[in-house]
Amino acid sequence: IMAEVGMTDIIAKLARDPDSEVSHQACGVIANIAERHGNKIAMVEQGIIHHLQFSMLSKSIPVLRESIRAFANLSSVIENTPCIVSSGVLGHLIDALNSPDTLCRRFATLAMSNLASTDDSKIRIIREQGILPLISIVRQTEKNQIDKQSQQHAMSCLANLASCASCHENLLDSGCAGLSMNYIKSSDLNLRTNALLCISNFASSNKTHAILEKCNIQELIKNLECTDRLVQLRAVTSLRGLSTNPSCRERIISSGGVEP
């Protein structure tokens, strides 16, 4: 209702208030309103991105956190992707992937995963140097610092990027194939499913087979026995792509991939 009666315009101006507490609360209202599906497109059409651009420059972590959360919510509809990406805010979202604040990183990875929905936005993410920060989040090694949701969103974003053949070279050069293979045996099914999706997207191009062939195909085969149907689907799709390569076919056969 607030979005429909134009209340977001009043709140949007407060999001740019020099008082960081006022700005923080206003950005929180915007993020909350943007949770409702029916508001997302209307808010972007009313110019909310322009106001959030200013709050993304804040030195206040709470303001940044709510601003990024707003973008995570707004970006969940593909219609908003072009406006968000062309606004210049993408670089700030990528910077937020290195934030010391867990929630800033979590919301930023979610926004990035949502934005990696068109070929143009995927290429822009590559150009803005988004790959390495995403890989770093997936690779979190300190157990007391691991945020599972950030890992899941970051892996999802990498999988989305891998669905664009133009991104393959940059992703492979950054070690994304090996990284994905490391997580196809994860106990976290969400993380495992996205890792398998990344592999299956790579496997759809015969230009990546030489690299994927060096990976552990046996682990892919083990996922065929998983009781989770989506894991099974991602694994068998990966093997289907790899099986178009004669050398990979031999590896699949020798690893027991076609045994009853």
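Ser-186 sits in the loop between α13 (176-182) and α14 (189-203). The model is a predicted one. Is Ser-186 buried or exposed? Its relative accessibility is 14%, so Ser-186 counts as buried. The cut-off for buried is under 20% relative accessible area. Which residues does Ser-186 touch, once neighbours within four places in sequence are left aside? Ser-186 is in contact with Leu-191 and Arg-192.

Helix α1 spans residues 7-14 and holds Ile-10. Ile-10 has 48% relative accessibility, and therefore counts as partly exposed. Partly exposed is the class between the buried limit of 20% and the exposed limit of 50%. Ile-10 also belongs to a nonpolar surface patch, made together with Leu-14 and Val-22. The area of this patch is about 230 Å².

Helix α2 comes next in this tour. It covers residues 20-33, and Val-29 lies in it. The relative accessible area of Val-29 is 27%, so Val-29 is partly exposed.

Helix α4 shows how burial can be arranged around an axis. The helix runs over residues 48-55. Its buried residues are Ile-48, Ile-49, His-51, Leu-52 and Ser-55. Why do they count as being on the same side of α4? Because they cover an arc of only 160° around the axis.

Next, the charged pairs. How many salt bridges does the structure hold? There are six. One of them joins Asp-119 and Lys-122, with an N to O distance of 3.9 Å. The salt-bridge cut-off is 4 Å, so this pair falls within it. Both residues are in helix α9 (residues 119-127); they are three residues apart, so about one helical turn separates them. Their accessibility is another matter. Asp-119 counts as partly exposed because its relative accessibility is 45%. Lys-122 has a relative accessible area of 7%, so Lys-122 is buried.

Salt bridges with shared partners also join Glu-35, Glu-66 and Arg-69 into one network. Arg-69 and Glu-66 both lie in helix α5 (residues 61-74). They are three residues apart there, about one turn of the helix. Are these two partners buried or exposed? Arg-69 has a relative accessible area of 13%, so Arg-69 is buried. Glu-66 has 13% relative accessibility, so Glu-66 counts as buried.

Asp-147 pairs with Arg-106, and their closest N and O atoms are 2.5 Å apart. Which parts of the chain does this pair link? They are distant parts, with the two residues 41 residues apart. Asp-147 is in the loop between α10 (131-138) and α11 (148-161). Arg-106 is in helix α8 (residues 102-115). Asp-147 has 8% relative accessibility, so Asp-147 counts as buried.

Note on methods: Residues numbered from 1 in each chain as written. Predicted model: local features only at pLDDT ≥ 70, side-chain atom pairs only at ≥ 80, totals over all residues. Heavy atoms only, no water. Patch = residues over 30% accessible without salt bridge, like charges linked within 9 Å, V, L, I, M, F, W, Y side chains within 5 Å. Areas by Shrake-Rupley, 256 points an atom, 1.4 Å probe, with all protein chains shown as cover. Salt bridge = Lys/Arg side-chain N within 4 Å of Asp/Glu carboxyl O. Helix = DSSP H or I, 4+ residues; strand = E, 2+ residues; numbered from the N terminus. Buried < 20%, exposed > 50% of the residue type's maximum accessible area, 1.4 Å probe, protein only. Contact = heavy atoms within 4.5 Å. Arc of directions from axis to C-beta.
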